[in-house]
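Morning, everyone. Have the structure open as I talk.

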Amino acid sequence: MPEYICSECGKRYPIEPFLYLCPECSKKQKENEPLHGVLLVSPDQEQFERFRKVGDPLSLLPVEREHFPDIPVGNTPLFHSKNLSEYTGFKNLYIKNDTLNPTGSLKDRASYLVSGFARKMGIEEIVLASTGNAASSMAGIGASAGQKITIFVPEDAPEAKLVQCRQYGADVKVVPGDYDRAYSLALEYADKQRALSRNTAHNPLTIDGKKTVSIEIFLQMGRMPENVFVPVGDGVIIAGVYRGFEDVVNAGLSSRMPKIFGVQAEGSDGICRIYETGSFEYRKPSTIADSISVGIPRNGYLAAGFLKKYKGECIRVSDDEILKAQIILSQKTGVFAEPSAAASLAGFLKVKERISGNESVVLLITGSGLKDIKSAKRALERFG
């Protein structure tokens with residue numbers, strides 16, 4: 001049977017609905033810092049054997065296929081853009097376009113697993129906090145599954161994402177204050193109502209669901225890429241990317257990990273600071289890229305640990321670099337990404353001189369530009 005394993009102490013636990021963090025390591029938790037005791041899903045050998053036979057990323061998840069919602073999630077395109085390759089001078093440059101998930105973002109991968117787990121366990125309500133993408137994702141996937149979705153969002157969340165949540169029928173609670181305040185209120189509500197928390201990093205399945213993106217990259221390329229660029233806010237996507245590549249290695253299909261570049265906005269760089277100093281100090285975030293605007297990166301310690309372990313890098317990019325990359329991506333590839341998703345290209349453009357032009361590079365594009373039209377207009381005014 002698959003199990004939870006603590007990312008700090010290594011203790012194993014059964015996968016249960018309301019077990020979110022390691023009971024021992026979470027005792028170290030202090031106010032206004034990333035989570036201690038984040039749990040990871042550890043597949044069993046039977047799952048690895050099935051994956052080797054059928055090559056299906058879902059076979060490595062802790063929920064059987066029959067419990068997942070009807071709506072298809074994942075299997076997004078990985079493609080080579082001739083225009084972007086010529087522009088950058090990299091002939092092996094690929095786009096992993098997760099804007100083509102059902103609600104327009106990579107977050108659908110996590111919502112899909114959380115929804116399937118809730119159905120398996122007979123839980124009818126799921127609650128979470130989000131700046132927008134996770135909220136609209138859980139609302140849409142939950143609608144497909146016939147589940148009640150309750151969402152706490154900060155008051156500055158983009159209007160398009162709020163409309164999307166309400167269109168799916170979710171109960172949207174707009175919170176005065178920032179994402180961190182919404183996060184706390186969502187946890188309180190989940191505990192009181194005995195709803196399943198989908199709060200990022202707090203629920204281990206939010207990491208595990210996202211690992212399917214890197215497993216797909218391996219399967220689509222037929223090998224491990226040399227370099228992968230990932231937008232980073234709270235650190236859950238990059239942790240999921242690492243876990244997926246680890247699963248490929250643990251299944252015996254590759255002997256190496258790629259180099260992963262975590263890209264953060266200059267005004268929301270908590271994980272880069274943990275990576276560089278080993279400690280965290282709260283700073284109020286300020287960036288146009290709302291999906292990676294996080295004061296307390298909940299998965300910060302684990303994400304920075306992965307970057308250290310596998311010799312990755314953490315890169316900061318300015319809002320101007322992000323908006324310029326958004327325009328370049330749109331005009332060279334036809335992929336319209338929101339600012340946070342365009343950060344992966346901004347990071348690549350910033351460090352590409354340090355990468356061999358013969359190496360493969362994958363840019364992970366995590367969310368659609370249609371989710372934040374105001375920022376897209378700003379990008380056009382400045383760089384269009």
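One definition before we start: a residue is exposed when its relative accessible area is over 50%, buried when under 20%, and partly exposed in between. Keep in mind that this is a predicted model.

Start with Glu-46. Is Glu-46 buried or exposed? Its relative accessible area is 53%, over the 50% cut-off, so Glu-46 is exposed. Glu-46 makes a salt bridge with Arg-50, and the closest N and O atoms are 3.2 Å apart. Both residues sit in helix α1, residues 45–54. They are four residues apart, about one turn of the helix. Arg-50 has a relative accessible area of 35%, so Arg-50 is partly exposed.

Why pair at all? Side chains of opposite charge can pair when their charged atoms come close.

Next pair: Glu-216 and Arg-109. Here the closest N and O atoms of the salt bridge are 2.8 Å apart. This pair links distant parts of the chain. Glu-216 is in helix α8, residues 212–221, and Arg-109 is in helix α3, residues 108–121. That is 107 residues apart. Glu-216 counts as buried because its relative accessibility is 6%. Arg-109 is buried too, at 3%.

Third pair. Arg-316 and Glu-276 meet through their side chains in a salt bridge, 2.8 Å from N to O. Arg-316 lies in strand β12, residues 313–317, and Glu-276 in helix α10, residues 270–277, so the bridge ties together parts 40 residues apart in sequence. Arg-316 is partly exposed at 24%. Glu-276 is partly exposed at 46%.

How many salt bridges does the count come to? The count is 28.

Now away from charge. Find Ala-145, in helix α4, residues 133–145. Its relative accessibility is 17%, so Ala-145 counts as buried. Which residues does Ala-145 contact, leaving aside neighbours within four places in sequence? Pro-69, Ser-115 and Arg-119. Take Pro-69: 76 residues from Ala-145 along the chain, yet their C-alpha atoms are separated by 5.1 Å.

Last stop, the surface. Phe-336, Leu-370 and Ile-373 form a nonpolar patch there. Together they have about 260 Å² of accessible area. Phe-336 lies in the loop between α12 (319–333) and α13 (339–351). Its relative accessible area is 30%, so Phe-336 is partly exposed.

That's the tour. Over to you.

How values were computed
Residues are numbered from 1 along each chain as its sequence is written. This is a predicted model: local features need pLDDT of at least 70, side-chain atom pairs count only at pLDDT 80 or more; totals for chains, interfaces and linings use all residues. Side-chain values use heavy atoms; hydrogens and water are left out. Patches are made of residues with over 30% relative accessible area and no salt bridge: like charges are joined within 9 Å, nonpolar side chains (Val, Leu, Ile, Met, Phe, Trp, Tyr) within 5 Å. Accessible areas come from the Shrake-Rupley method with a 1.4 Å probe; for residues, only the protein chains shown count as cover. A salt bridge is a side-chain nitrogen of Lys or Arg within 4 Å of a carboxyl oxygen of Asp or Glu. Helices (H or I, at least four residues) and strands (E, at least two) are DSSP runs, numbered from the N terminus. Buried means under 20% relative accessible area, exposed over 50%, partly exposed in between (1.4 Å probe, protein chains only). Contact means heavy atoms within 4.5 Å.
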